Amino acid sequence: MEFGTFVRNNRESKGVSLRVLAQRAEVNPAYLSRVEAGKVPPSDQLVARLATLLDCSEEELFLLAGKLPATIQEFVKREPYRAAMALTGVATMGVAEPTATYGDSSEQENLSVLGSIASGRPASKCREEHIGRSTVVHADCIEWLRQRSPNSIHAVVTDPPYGLREYNETEKAKLRAGKGGVWRIPPTFDGCRRMPVPRFTTLTKKEQLAMRAFFAEWASLLLRVLVPGGHVFVASNPLVSHLVYMPLMDAGFEKRGEIIRLVQTLRGGDRPKNAEGEFPDVTVMPRSAWEPWGLFRKPCDGLVQENLRKWHTGGLRRESAERPFTDVITCSPTRSTEREIANHPSLKPQSFVRQVVRAALPLAKGIVLDPFMGGGSTIAAAEFNGYESIGIEADPAYFDIAVKAIPRLATYVPGRNGDDGTDDDKPASARNGNGTSKQRSLFD
Ligand SMILES: C[S@@+](CC[C@H](N)C(=O)[O-])C[C@H]1O[C@@H](n2cnc3c(N)ncnc32)[C@H](O)[C@@H]1O
């Protein structure tokens with residue numbers, strides 16, 4: 001119903017004349033008459049007064065007038081992510097979704113996981129441990145970031161839960177039971193067993209919107225806690241990187257490039273499913289051989305050198321006097337020995353994370369944050385580099401794994417500690433006589 005019609009009907013049902021209502025609302029009767037006729041829009045003040053005089057919900061009346069009530073405006077400003085989630089529950093935010101399956105239980109769970117992430121967990125659930133120079137916290141990072149003081153973190157190195165879906169309770173249960181779900185169990189390759197990898201192509205439009213909204217709030221909170229010139233290294237993959245890169249830039253971060261981790265994976269490269277014989281020369285998607293890490297920076301306070309003096313940030317630590325930090329890093333998949341130390345499905349290898357974490361503090365001063373700590377690889381890498389760090393993890397089981405793993409990962413030496421130097425998933429038969437082998441190319 002139109003706002004004007006609603007007001008007139010309501011007024012007439014109460015037996016109040018237009019002149020009397022105008023008098024009580026302290027407006028000209030001619031103006032009220034034009035509002036009732038839908039010829040002029042009501043002012044916010046008039047809507048609020050009419051709500052009281054006609055004894056109806058102010059929020060409903062504002063919405064009827066095509067305006068956002070002040071309470072909702074405030075909610076959107078304060079908690080844009082939760083507001084977006086609330087709205088996606090009743091509408092698709094204007095995005096066509098021809099194959100929408102809202103009502104599908106797993107999507108509802110994903111959205112409710114997002115909702116609970118947004119609302120945060122009660123402070124009483126937070127557990128904090130100190131390991132060397134690092135502090136690890138069992139908490140929701142959104143909630144933690146909200147409470148953290150501004151300008152108190154110097155760099156962020158993190159690997160977010162892309163899709164967030166892969167870490168909801170149903171998907172984690174499927175992963176732990178080896179049942180697949182969003183965790184694709186890759187086909188064995190040449191007799192080699194591979195670790196499950198999340199299947200990002202299954203994200204619906206609505207989940208992608210929810211992710212963007214989540215990362216938008218996350219990014220604005222990061223911007224607040226980082227000091228000027230602080231860098232963010234964010235792990236990604238070529239299918240979903242835009243869902244976190246755009247929100248970071250929208251929040252005010254500068255894109256400073258991308259670090260390419262050259263790593264052979266078993267993602268993509270398959271022939272059409274159940275039609276492999278029919279299309280032997282076709283690959284549906286390229287076999288992925290790299291992992292992008294977005295590199296962002298909070299704008300500096302003056303020139304880089306001024307920022308370095310004041311905040312100890314603004315640049316990246318060089319590899320050596322001769323060699324700057326470089327944006328392509330060749331790196332094998334996480335070794336089995338590291339996985340035995342930290343049994344997390346997305347554990348990043350120390351050989352890679354140590355290089356990135358080192359570069360993140362140009363003067364080796366400050367605090368590195370990993371808001372999605374997982375098995376603790378970033379925090380261990382910070383320990384290895386002698387840096388102060390903070391890790392946040394929401395899952396209690398992964399938090400416990402990280403607490404135990406960090407000291408061991410920090411002192412982990414590839415090729416020692418019983419590490420035979422082979423891939424985590426390569427069978428003994430694929431190794432050479434002395435139990436070691438160079439990583440074989442999947443494309444050989
Ligand atoms: C991709 S994994 C990180 C893996 C990590 N880089 C490692 O090497 O072990 C993402 C982690 O974020 C956690 N997580 C998801 N949502 C979170 C939130 N809102 N706050 C904190 N941790 C969260 C998940 O439980 C998961 O362990």
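Against which helices do the buried residues of α1 pack? The structure examined here is a predicted model, in which local features need pLDDT of at least 70 and side-chain atom pairs count only at pLDDT 80 or more, while totals for chains, interfaces and linings use all residues. Residues are numbered from 1 along each chain as its sequence is written.

The protein chain has 17 helices and eleven strands, where helices (H or I, at least four residues) and strands (E, at least two) are DSSP runs numbered from the N terminus. Buried residues make up 38% of the 444 residues in the chain; a residue is buried if 20 or more other C-beta atoms lie within 10 Å of its own, exposed if 12 or fewer, and partly exposed in between, with C-beta atoms placed from the backbone. Of the contacts in the protein chain with a separation of 6 or more, 70% are between residues 24 or more positions apart, a contact being a pair of residues whose C-beta atoms, placed from the backbone, lie within 7 Å.

In helix α1, which spans residues 3–13, Phe3, Gly4 and Val7 are buried. Seen down the helix axis, the buried residues of α1 fall within an arc of 100°, so they line one face of the helix; the arc is that of the directions from the helix axis to the C-beta atoms. Glu12 and Ser13, on the other side of α1, are exposed. The buried residues of α1 pack against α3 (29–36), α4 (44–53) and α5 (58–64), and α1 is followed by Gly15, whose phi is positive, near 70°.

Leu46 is found in helix α4 and is buried, with 20 other C-beta atoms within 10 Å. Leaving aside neighbours within four places in sequence, Leu46 is in contact with Ala25, Val27 and Val35.

Strand β7 (residues 254–262) is joined by eight bridges to strand β8 (residues 290–297), and the two run antiparallel; strands pair if DSSP finds at least two bridges between them. Gly257 stands opposite Leu295 in β8. Three bridges join β7 to strand β9 (residues 328–330), and these run parallel, with Arg261 opposite Ile329 in β9.

Ile392 has its place in strand β11 and counts as buried, with 25 C-beta neighbours inside 10 Å. Although Ile392 and Glu128 are 264 residues apart in sequence, they are 9.2 Å apart in space, C-alpha to C-alpha.

Around the ligand there are 22 residues, of which Asp159, Phe372, Gly374, Gly375 and Ser377 come nearest; a residue is near a molecule if its C-beta atom, placed from the backbone, lies within 6 Å of it. The elements that give two or more residues to this shell are α9 (141–147), α16 (377–385) and β11 (388–393). The shell divides into eleven nonpolar, six polar and five charged residues, where Ala, Val, Leu, Ile, Met, Phe, Trp, Tyr, Cys and Pro count as nonpolar, Asp, Glu, Lys and Arg as charged, and the others, Gly among them, as polar.

How values were computed: Two residues are in contact if their C-beta atoms, placed from the backbone, lie within 7 Å.
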